[in-house]
Amino acid sequence: MASSTGYTTPASPSSSEAAHSLTSSLLRARPYRFATQVATVDNPDPSHKDQYGASSVPIYQTATFKGMGGAYDYTRSGNPTRSHLEHHIAKISNARHAFAVTSGMGALDVIFRLLKPGDEIIAGNDLYGGSNRLIGYLKAHGGVTTHHVDTTNPKSLLPYLEDPSHNVAMVLLESPTNPLLQIADLEEIARLTKRYRKDAIIVVDNTMMSPYLCRPLELGCDVVYDSGTKYLSGHHDLMAGVICCDRDDVAKGIAFTINSIGNGLSPFDSFLLLRGVKTLSLRIDKQQANSILIAEYLANLGFKVNYPGLKGHKGKEVHDRIAKGPGAVLSFETGDVALSERIVGSTRLWGISVSFGCINSLISMPCLMSHASIDPAVRAARNLPEDLIRLCVGIEDPADLIDDLEAALLEAGAVRVVDEGMGGRARLERIVQDGEGRVVELANGTLQGEEAHGAAQAKLQKIITSAPGKVILFGEHAVVHGVTAIAGAIDLRCYCLAESRSDGQLSLVLPDLGYSQTWDIASLPWDKVGALSSTVLKSGPKSDAIPDQELLTLLANQFVHQDKLKAVQAAQAFLYLYLHLAVSSGIKPAQTYTVRSGLPISAGLGSSAAYSVAVASSLLYSHGILPAPASSPSADSTIPLEHANMVNSWAFLAEKVIHGTPSGVDNTVATLGGAIAFRRAVKGREGSMDVLKGFDKVEFLLTDTKVPRDTKTLVAGVARRKLEEPDTINPLLTSIQRISDEAQACLSSTTLSRSEQLDTLSRLVEQNHQHLVSLGVGHVALESVRSKTKEQPWGLATKLTGAGGGGCAVTVVPDGFPEDKLTALRAALANSGFETYATSVGGRGFGVLIPAHASQLETAEGGVELSASPQQKRFEEAQTEELGRWAEEAGVWVCA
Ligand SMILES: N[C@@H](CCSC[C@H](N)C(=O)O)C(=O)O
């Protein structure tokens, strides 16, 4: 047939011929593939045909519709442009119902309104900051509690699903998660949830994937929402959210809320979204292809890259089963927040912006941007690395994207060129620097130095570490209200012996608490432990890190078989550190840890901090994170400060496991030794911790009254009186601050003579004690110690130390105080039922034992082997007061 343009179309077969072609019927019956479906926005319903045959959907820019009983009356309740979009979204999502609202968070808000007060949600512990914020709001204003679990392990939902006391009404999932790109097995979680909670609503934020890559309704989930701002629209020129579901009851609730609150998408934004969504598959194909190249590029440089498209990704297998592709968002760690900031700031083609899914590539630091609304302490507890960089890859030429990234990495000092590459891509090496800016590691995809070091550590056979207890000399109680406290290390210590074994078991033996337990290393809850960022591995956990309460509860309930609280806490702290260091170092040493306390326990002398420091240092050596100490130290060998700081930060975490919210002073003294002036942060003023330089040891007599007391009640009592009687309590606090200031000046003074120093100390001890009594924390037993020590022939000054209300007292013993007089005083105190310890304050910090005859003790493999078992037997069986002597005889201690 000839057309007016002269182009001849082939003759059509007769209609009867076509009608009888089986192939043709099959072809017609086949549903369109996704790319076709998404590009074809015509409404298949003939009654919705546009009267003029418009190719693009008209914008019904009207608030009201005339007439009665028509399909629409008011745009808040419904609008033809929005309906058209909703049909289209339902079609590409394979859903019975779809709704379009004003943003992704608006969608989640509508979904949350399906809940009622008392309901509980289970959500992931890596999730978008905005969702986390809304969850917080829901708790405060809607009476709905959320439990955050590790959704990479479906079993982590079980404690809530199985326990009928939990009113689980919703499960909220992301996969991959934002921003760590972890994978949740949506199918398995939906199955498990339905098994225990038939009516619970399983909700998935599918924004990272879009219906092109994943359709969670097909996996058994109930509600899926997307931020339409991202992939669906693709151009960052509108805000929208879409919700899909199959359940009619849920759809009814959602439609009701949208109409009631009025957050349905506007006609113009509905039009824009319909326009953008047509190219969804095309855009994602290109963005994903670019992402794979970029992820591989960064991984080859040795960065820790989170992207389910990479071979080594932990959840890849699950992801490949539930989704069609890895998507176009990835994140990576640099190990240093400032370095990450420099990299982000040095890019030019990559736009520094929140959000993702745009055709243009974006770069961001989640902790400063999209996830900044999550409390930093919560971020730390959930192992969200502060240095994390998120890349949202666009459709640009991947070579340009990599060029720009490479230029930024070079300019920021993250990599350096080792070979210019003669016209091709230069060969780069990653640079990792220590705190002082020295290059400590150069690697191209491997951590050669660290690995070699780790292997050497694995050979470590036995190691003994120790750490001192502390006394508070001045400022206890007042320290809680911002006054300076002076604390010093005492020479009573806690000792930790770690011995290798070869049966895959881990034991903790605490003879002084009557506790001993062995675990099969393989059966420890490894799936509940997040790997630490490289920053944490290099410098230890941040001071505001919060231990993961869910893991601690699990450890206490399922792994520590003991009722005594002290033993449970000690074992929890030990396992918590062991698990995290093992996951992060890749070494799971089979060992027996025996810990002995040469300090009275629960007497206010920092025994838990000494335990935490001794155990943390031992674990850090065993996991190869700190280098093994030299086997032939020189007389003045000390532990480098950066190693001590690393030990202190881990010990502080252990202290938090044991005590909840300790100030950090005890572990710092136990790590560094000497004396410290400590001031905690209070409203509007930062805290401080100053090492008292030049502080010379002072002899003290410590007397344990053996009167038990409850520190918490005593601290709360002072706080209450401060509120009720400010005119009495505040002047006392001011005066204690003066005492601490004078003590600090006196102890670090280079001009005062030794006897002037000791006289001043004695005077201040008396004054501080009187103030503590006025604060209400004295005790008759303490007064009895004081009057005894004050009696002639002793005439010594004494004060309570620590919480008071019983507990311990410290007595200043001047230099050259006759030995026999001291012995008589101790006998007199013992007669009254008290226990005394002669100790000095201001001694060494944590230490590592270099055994006597170390050179003969090296094993054939080069590991460090301690001397024969009699020594060890003595360690295990010694009476508390003999431990110090044992330690001195066992070898040379290298201390901080
Ligand atoms: N200031 C905004 C940040 C939005 S982040 C948007 C997005 N979902 C992402 O992950 O980048 C806010 O506080 O909500």
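Student: How many helices and strands make up the secondary structure of the protein, and what makes a stretch count as one or the other?
Tutor: The secondary structure comes to 31 helices and 28 strands, where a helix is a DSSP run of H or I with at least four residues and a strand is a run of E with at least two, both numbered from the N terminus. This is a predicted model, in which local features need pLDDT of at least 70 and side-chain atom pairs count only at pLDDT 80 or more, while totals for chains, interfaces and linings use all residues. Residues are numbered from 1 along each chain as its sequence is written.

Student: Why is Ile135 called buried?
Tutor: A residue is buried if 20 or more other C-beta atoms, placed from the backbone, lie within 10 Å of its own, exposed if 12 or fewer do, and partly exposed in between. Ile135, which lies in helix H6 (residues 129-142), has 21 other C-beta atoms within 10 Å, and it is therefore buried. Across the 896 residues of the protein, 48% count as buried.

Student: Which residues does Ile135 touch, and what makes that a contact?
Tutor: Two residues are in contact if their C-beta atoms, placed from the backbone, lie within 7 Å. With residues up to four places away in sequence not counted, Ile135 touches Ile121, Ala123 and Thr146. For the protein as a whole, among contacts between residues at least 6 apart in sequence, 74% join residues at least 24 apart.

Student: How do you know that strands S18 and S19 pair, and in which sense?
Tutor: Strands pair if DSSP finds at least two bridges between them. Strand S18 (residues 505-510) and strand S19 (residues 515-520) are joined by 6 bridges in the antiparallel sense, with Val509 opposite Ser516 and Leu510 opposite Tyr515. The two strands form a hairpin with 4 residues between them, and Gly514 in the turn has a positive phi of about 65°. S18 also pairs with strand S20 (residues 591-597), here in parallel over 4 bridges, and Ser507 stands opposite Thr592.

Student: What makes strand S21 largely enclosed?
Tutor: Of the 5 residues of S21 (residues 675-679), 5 are buried, so the strand is largely enclosed by the rest of the structure. Ala675, Ala677 and Arg679 point one way and Ile676 and Phe678 the other, and all of them are buried. S21 is joined by 4 bridges to strand S17 (residues 485-500), antiparallel to it, and pairs in the antiparallel sense with strand S22 (residues 688-691), again over 4 bridges. Ala677 is the bridge partner of Ile486 and stands opposite Asp690 in S22.

Student: Which residues of the largest nonpolar core touch the most other members, and what makes it a core?
Tutor: A nonpolar core is a set of buried Ala, Val, Leu, Ile, Met, Phe, Trp, Tyr and Cys residues joined through C-beta atoms within 7 Å. The largest such core has 129 residues, of which Ala487, Leu577, Ala614 and Val615 touch the most other members. Helix H20 (residues 565-585) gives the most to this core, with 13 residues. Domain 3 (493-669 + 845-895) and domain 4 (698-841) both contribute residues, so the core lies between them; the domain bounds come from an automatic or database assignment. Leaving aside neighbours within four places in sequence, Val615 is in contact with residues including Phe574, Leu577 and Tyr593. A second, separate core of 113 residues includes Leu186, Val223, Val277 and Phe303.
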